[in-house]
Amino acid sequence: MKEVLGNLIAQFREYYKSLPPIKRNSLMIVSFLSVISVLAVVLMLSKADYEVLLSNVNPDQLPRVIAELQKKNIPFKLKDNGKTILIPESLLPSTQMAIMSELGGSNIGTMGFELFAKQDFGVTSYAQRVTFQRALQGELMRSINTIEAVKQSKVILALPAKKTFLEEGGKPTASVVVELYPKRHLSEDQVRGITYLVSSAVEG
């Protein structure tokens with residue numbers, strides 16, 4: 001291996017020496033820009049905002065989730081002794097859908113939806129609950145729309161207001177309508193993934 005690498009370096013040096021000055025400069029500029037581009041991508045990924053993909057991860061399922069993320073070349077971080085998995089925010093919708101399609105029935109943990117857990121919309125005003133519901137519907141549609149066969153989707157949630165401990169609240173429900181591109185269809189795994197994704201976002 002070292003000999004092959006040494007031969008390649010020697011050949012490149014000979015090739016570089018044979019080039020006229022103008023082409024040498026051009027090659028150096030292109031090489032420099034390529035290195036800068038790679039470093040920029042690495043830097044962007046390292047500084048990306050990470051959001052919760054899964055929390056309360058089952059220890060038995062953690063290796064499966066990690067293997068799936070590695071297979072898809074998705075960077076991730078572990079918190080809370082491996083109970084919480086975070087990924088770059090920009091990759092969240094597509095990864096949520098992919099993980100639920102592959103592993104959704106394995107009690108892997110609780111899907112993040114961290115943006116919607118930062119406030120308690122339970123016993124608050126009607127306007128706040130409507131805002132929360134619309135935001136959650138939009139996030140679910142964004143994840144479902146990452147499936148290649150899906151042209152657009154519509155998610156409608158019915159989230160009854162939380163009652164006091166003396167009252168019983170109604171159970172939340174959800175309906176999903178998916179429009180596909182012509183001659184495309186959803187696999188059984190994708191249908192199951194959508195089901196798990198929506199049910200994981202709705203308590204009850």
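Author: This is a predicted model, in which local features need pLDDT of at least 70 and side-chain atom pairs count only at pLDDT 80 or more, while totals for chains, interfaces and linings use all residues. Residues are numbered from 1 along each chain as its sequence is written, and side-chain values use heavy atoms, with hydrogens and water left out.

Reader: What volume does the second largest pocket have?

Author: A pocket is an open set of points on a 1 Å grid over the protein atoms alone, where a 1.4 Å probe fits, with protein on both sides within 12 Å along at least five of seven lines. Its volume is the space filled by probe spheres set on the points, which are joined across faces, edges and corners. For the second largest pocket this volume is about 260 Å³.

Reader: Which helix gives the largest share of the lining of the second largest pocket?

Author: Lining residues have an atom within 4 Å of a point, and the second largest pocket has 14 of them. Helices are DSSP runs of H or I with at least four residues, and strands are E runs of at least two, numbered from the N terminus. Both α4 (92–103) and α6 (188–201) supply at least two lining residues. The largest share, six residues, comes from α4.

Reader: Which residues of helix α3 are buried?

Author: Buried means under 20% relative accessible area, exposed over 50%, and partly exposed in between, with a 1.4 Å probe and protein chains only. P63, Q70 and K71 of α3 are exposed. The buried residues of α3 (residues 62–71) are L62, V65, I66, E68 and L69.
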